[in-house]
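Hi there,

Here is the structure I promised to pass on to you. Have a look at it first, and then read my notes below.

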Amino acid sequence: MDPDWLPFHPNPSKPTINLPKGAVDAHCHVFGPANKFPFAPERKYTPCDASKEKLFKLRDFLGFEKNVIVQASCHGTNNDALEDTLLSSNDLARGVAVVSPQVTKAELNRLDEAGVRAVRFNFVKRLVDNTPREIFQKIAKTIADLGWHIVVYLEAQDLEELIPFLKSLPTDIVFDHMARPDVSKGLDSMEFNLFQKLMENNKFWCKTSCPERLSREGPEQNYSDILPFMRLLVENYSDRVLWGTDWPHPNMKSHMPDDGQLVNILDEIAPTEELKVKLLVENPTRLYWDH
Ligand code: 0GY
């Protein structure tokens, strides 16, 4: 792994809140193990192994029933580790793959059979090389036929330019980590207003996840500066929000979060049982299991 890599928390705390039955951790990853599933040569970072066994153990410990596992950039377009995890999950996991434009129908059908329900388009420059829009368009057309959707990872400052492209895509779109708002600009920034306007359109969903990446205040202050962004989205778009731990928290530099603390934050961003059930059970189930 990279010399400055921060491994995931070795013993997270037990959450003090009870999650609703059927709760889904809708954003997490598996890495390797590298001796079985090598990382991609074109990767921008080399993480520590984060196995399916560790992920499933954490799921049970935190009180989740299911996972949605997102293919991370360090595995490129080789989805073998993801597929292997889905196949050992007992139908308790679904996947978001990353595919090349050369992907065959047979490969897509195999991934679908394993539990993949979406592809991810990554626009974050420190993670991936630029992909031409025509390539994304081509992939989008192919996966739309399977009833899959598209997950996008981008940063707030790139949103405006991407809007026409995102609107042109033929499937529902899920934004990772609320399209990474800049917390220092506050709730009323041009970018966050634009994002909310986009969320008025039923085609768009978002994950109200990753306080540890977006907060400037950090864990000592319970990430309190980013929580109003999350709560606003959960309350205003309660039928199209998802939540995930982001375990094993790739590329964290400031600190490694305690996953139990992240779960407890759900009480702040989805303060009623009804909101929690939508965020953690109904919405991810509709998007990933009822298809
Ligand atoms: C995340 C965030 C990150 C990494 C990736 O694909 C990835 O490598 O998604 C990041 O570094 O911000 O969602 O895990």
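Which strand and which helix each supply at least two residues of the lining of the largest pocket? They are β4 (116–122) and α4 (133–144).

A word on the basis: this is a predicted model, in which local features need pLDDT of at least 70 and side-chain atom pairs count only at pLDDT 80 or more, while totals for chains, interfaces and linings use all residues. Residues are numbered from 1 along each chain as its sequence is written, and side-chain values use heavy atoms, with hydrogens and water left out.

Helices (H or I, at least four residues) and strands (E, at least two) are DSSP runs, numbered from the N terminus. A pocket is an open set of points on a 1 Å grid over the protein atoms alone, where a 1.4 Å probe fits, with protein on both sides within 12 Å along at least five of seven lines; lining residues have an atom within 4 Å of a point.

The largest pocket has 23 lining residues, and T77, V98, V128, D129 and T131 lie nearest its centre.

The second largest pocket is lined by ten residues, including F8, H9, P10 and W247.

Now back to α4. Its axis and that of α5 (residues 156–168) come within 11 Å and cross at roughly 25°; axes are lines fitted to C-alpha atoms over the stretch in contact, with angles from 0 to 180 degrees between N-to-C directions. The two helices are therefore roughly parallel to each other (angles under 35 degrees). R133, F136 and Q137 of α4 meet E161, L162, F165 and S168 of α5, where contact means heavy atoms within 4.5 Å.

Enjoy exploring!

Key. Parallel < 35°, antiparallel > 145°, perpendicular 65-115°, else oblique.
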